[in-house]
Amino acid sequence: MIKNIKQLILDPLQRCHKFILAIVITALLAILATPNSANSFDLSDLLRIVPAVIQVVEISNISDADEVKLGSQINRNIVTQVRLSRNRGANNLVKSIGAELVPQSDRPQIPYTFQVVEDRNINAFATMGGFVYINTGTISAADNRAQLASVIAHEMGHISGKHVLEQVKQQAITQGIVSLIGADRNEIVNIGTELALRLPNSREAEFDADRRGLQNLYNANYAVQAMPDFMQKLARNSSNAPDFLNTHPAVKDRIVALNQAIIENNLDGYKGLDNIAYQRRWRSARF
Ligand SMILES: [Zn+2]
């Protein structure tokens, strides 16, 4: 009887992720370990396990629509902790660059929300489901539109690489959160907010976002050299390092990798090198 039930649960799960299998086995062992379990293991036990398994599957195979919904809930949290800029020009600038990049990105099928954060520190971040945030300090620090575009493309790379989403999933599973609904959902939103605002991305995530961003810039005809140039400029000019270098680590190695990718793949691009016009408008802009 028990053997049959095990097969009933385990066979379909062969196709699933290893940790789900581990959870089911653990649950089964827990039930089997309880006194008289051999006699009491019946359909009600099975019904207890299956919803938990389905919820874990839910969190690991989140749909694009759910990801966008989660991103929007995280956004509601984030806007209580940062000040969004109402400067129409700055918002139009970032949105118009975003509109050029999205169709050329490796994830054009989801909606994107580009927002400007009123903060003089040079930084930018992204969460999931298309939510990208650019500080006003980054707009002022860029030499031209291509450099700003390189930051936006990089942040979009974090979204298409699902970097924050993966971190949220891992933390959620570690903390025993298995569902995307109810109280668990609030916890997941809090984890996502914390990750976006306070925790640096991993080195691997940075290289991946750079690679995706560089390709996106190239596809949209932007001058790709702007990406390593802007990083170089931030690394050079910082007596106290801008937030960007703290939240986006491994900058020196990333510059080397970017320059190498540009040479090896013979990437160029011409758009966005309007230094004088850009700086006249944004270098000393009051946001
Ligand atoms: Zn990054």
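**Close-up views of a predicted model**

**View 1. The sheet is open, with three strands in the order β1-β3-β2 and mixed pairing.** Strands count as paired if DSSP finds at least two bridges between them. Because β1 (113-117) and β2 (124-126) are at the edges and have a single partner strand each, one side of each lacks a neighbour in the sheet. From one strand to the next, the twist averages 15°. β1 and strand β3 (residues 131-135) run parallel and are joined by five bridges. Valine 116 has isoleucine 134 in β3 as its bridge partner. Strands of a sheet pair through backbone hydrogen bonds.

This is a predicted model, in which local features need pLDDT of at least 70 and side-chain atom pairs count only at pLDDT 80 or more, while totals for chains, interfaces and linings use all residues. Residue numbers start from 1 along each chain as its sequence is written.

**View 2. The protein has 15 helices and three strands.** Helices (H or I, at least four residues) and strands (E, at least two) are DSSP runs, numbered from the N terminus. Of the 287 residues, 37% count as buried, meaning that 20 or more other C-beta atoms, placed from the backbone, lie within 10 Å of the residue's own.

**View 3. The largest nonpolar core holds 59 residues.** Such a core is a set of buried Ala, Val, Leu, Ile, Met, Phe, Trp, Tyr and Cys residues joined through C-beta atoms within 7 Å. Val132, Ile134, Ala149, Ile152 and Leu217 touch the most other members. Helix α8 (residues 145-160) gives the most to this core, eight residues. Leaving out residues up to four places away in sequence, valine 132 touches Gly98, Tyr112, Phe114, Ala126, Ile152, Glu155 and Met156; contact requires C-beta atoms, placed from the backbone, within 7 Å.

**View 4. Helix α6 (residues 88-101) crosses α8 at roughly 65°, their axes coming within 10 Å.** The axes are lines fitted to C-alpha atoms over the stretch in contact, and angles run from 0 to 180 degrees between N-to-C directions. The crossing is right-handed, that is, the near helix is turned clockwise from the far one by less than a right angle. From α6, Val94, Ile97, Gly98 and Leu101 meet Arg145, Leu148, Ala149, Ile152, Ala153 and Met156 of α8.

**View 5. Mean pLDDT is 84, with 76% of residues at 70 or more.** pLDDT is the predictor's confidence in each residue, from 0 to 100. Residues 1-17 have pLDDT below 50, and this stretch makes 12 contacts in the model beyond near neighbours in sequence. Where pLDDT is low, the predicted coordinates should not be read in detail.

Key. Buried ≥ 20, exposed ≤ 12 C-beta atoms within 10 Å, placed from the backbone. Contact = placed C-beta atoms within 7 Å.
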